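I'll jot down what I look up as I go, one stop at a time.

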Amino acid sequence: MKHIAATGQGNGMAHLDRTRASQLMETAGLDALLLLSPESFTYATGAPAGVATMWRRAGAVAAIVPADPALPQAAVVTDLFEAAFRASSAITDIRINPIWVETGDIRGMDARPPEELINAAWERQRRPAGFQRPETFDANMGFQLAAALLAEKGLDEGRIGIEFDGLSVADFRLLSAALPQAELVDASDLVRRLKMIKSPTEIGHLRMAVELAEAGIVALRETIDIGISRDELASAWEKGARAEAARRGVQNLTGLWEYVSVGQNPWTKGGVVERGDLIKVDVGCLIAGYTSDTGRTFVCGAPSALQARLFDALQTAYDAGLPLLQPGIAMSEVHRVTTEAMGKAGFPGYTRGHFGHGLGAGLGSEEWPFLSRQSDVIIEPGMVLAFETPWYVDGAGGMIIENQLLVTADGHEIMNRLPSVLVSL
């Protein structure tokens, strides 16, 4: 997983498809989803989860999605982000979880002495006598508020889907105590399958992200020369991406990441360009938290016979797997065909765990599902995938072919525009 420097922000729009969610829950026998991670909270509500989620502990916020589409969604929101939530989300059934940050709202109040003004503001907020804020947030209170919302909908004794893969043992115990009559079911896979089909807005974010990243690659390519350092190339890429964002007036560029390597050691962060060096560029930009992923390879001068031979094999494998990226094809089949192509190209021992992955707004640039031999996923329209054939060979250098594509009704659309061949400069 690549490290991403980004700011966690809501994008002002929920992307959850209630119809698809209801179908998946019906198949799994669930009565509701209780989404506790900040990413899933924003996905379901369209609102920022807020600063109380920075510790990756559950209980600060929650989004409730009933299986019955006639029942409205609900949410637990921190008090500091209540106004932001109301401005961003269509969900109106909410409960407020106080966090450590002291607040007040004197808007619309008559002028009076400061002490009276603040006390009146607290009274308007219905702050109880003896109110004390928690050290950070009270997870038990957050779970109790979520349980109350479920109870109001008659769901507190039902089968409730939880993302177990993001819930600590300690938080699971608190949640279980708050919902003693409910059956808590692992819905991690269900939520992943829900998120893997992108909304038009999500697709737009990913398209813009890859276009900015490619503008940066152009700037990096024009900087390549003997004596130029790896860090200078990485800086040129970032400046190029940011300049393109400024030119287009993009306001929601929330992060960038890069794995640029120079020379014979693919994982060396230092070094300068020498004649014959490979320059591996694996980069992405984030739009509203959604990351692109693109890989290109350059060589300063002519490639050696070894470099050319290895890259040709990667190109052969890429060309074999690419046509299979269409609806109805198993991801495991893409992996099998791509691996076999590497073998036929002369390298039967080449093994890679996956040849690409989904893209979205997760913690890293690689999001489930994966184009792996273990995958049970069938490709569907609306998926945005990165398809890649990389190789990192100490003594030769790093090589990668990676494009981002949208699965369409009858095939796929490659979102990248730059050529993916080995470019000699």
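Entry 1, a hairpin. I began at the turn between strand 9 and strand 10, where 2 residues sit between the strands and Ala 288 takes a positive phi near 50°. A reminder to myself: this is a predicted model. Strand 9 and strand 10 (residues 290-291) run antiparallel and share 2 bridges. Leu 286 is the residue I found opposite Thr 291 of strand 10.

I asked myself how many residues of strand 9 are buried. The count is 10 of the 10 in residues 278-287, so strand 9 is largely enclosed by the rest of the structure. I then checked the two faces separately. Leu 278, Lys 280, Asp 282, Gly 284 and Leu 286 are buried on one side, and Ile 279, Val 281, Val 283, Cys 285 and Ile 287 are buried on the other. Cys 285 counts as buried because its relative accessibility is 0%.

Next I looked up the other partners. Strand 8 (residues 253-262) is antiparallel to strand 9, with 9 bridges joining them. Strand 11 is joined to strand 9 by 6 bridges, again antiparallel. Ile 279 turned up in both pairings: Val 262 stands opposite it, and in strand 11 its bridge partner is Phe 298.

Is Arg 296 buried or exposed? Arg 296 lies in strand 11 (residues 294-299), and it counts as buried because its relative accessibility is 2%, where the cut-off is under 20%. I wanted to know what its side chain reaches.

I looked for disulfides and the count came to 0. Cys 300 counts as buried, since its relative accessibility is 5%.

I moved on to 6 strands that form an open sheet of mixed pairing, in the order 5-4-3-2-6-7. Strand 5 (94-97) and strand 7 (183-186) are the edges, each pairing on one side only. On average, neighbouring strands here are turned by 20° against each other, direction ignored. Helix 2 (residues 38-45) packs on this sheet, touching strand 2 (32-35), strand 3 and strand 4, and its direction makes about 50° with that of strand 3. Strand 3 (residues 62-66) is antiparallel to strand 4 (residues 74-78), over 3 bridges. Ala 63 has Ala 75 of strand 4 as its bridge partner.

Which residues of helix 6 are buried? I noted Asp 171, Leu 175 and Ala 178. They cover an arc of only 55° around the axis, so they are on the same side of helix 6. Val 169, Arg 173 and Ala 177 are exposed on the other side. The buried ones pack against strand 2, helix 5 (139-152), strand 6 and strand 7.

Asp 165 lies between strand 6 (159-162) and helix 6 (169-178). It counts as exposed because its relative accessibility is 54%. Setting aside sequence neighbours within four places, I found Asp 165 in contact with Ser 188 and Arg 192. Its side chain and that of Arg 192 are joined by a polar contact of 2.8 Å.

Technical notes
Residues are numbered from 1 along each chain as its sequence is written. This is a predicted model: local features need pLDDT of at least 70, side-chain atom pairs count only at pLDDT 80 or more; totals for chains, interfaces and linings use all residues. Side-chain values use heavy atoms; hydrogens and water are left out. A disulfide is a pair of cysteine sulfur atoms within 2.5 Å. Buried means under 20% relative accessible area, exposed over 50%, partly exposed in between (1.4 Å probe, protein chains only). Helices (H or I, at least four residues) and strands (E, at least two) are DSSP runs, numbered from the N terminus. Contact means heavy atoms within 4.5 Å. A polar contact is a pair of N or O atoms within 3.5 Å; within protein, one must be able to donate a hydrogen and the other to accept it, and residues adjacent in sequence count only if both atoms are side-chain atoms. Two strands pair if DSSP finds at least two bridges between them. Axes are lines fitted to C-alpha atoms, for helices over the stretch in contact, and angles run from 0 to 180 degrees between N-to-C directions. The arc is that of the directions from the helix axis to the C-beta atoms.
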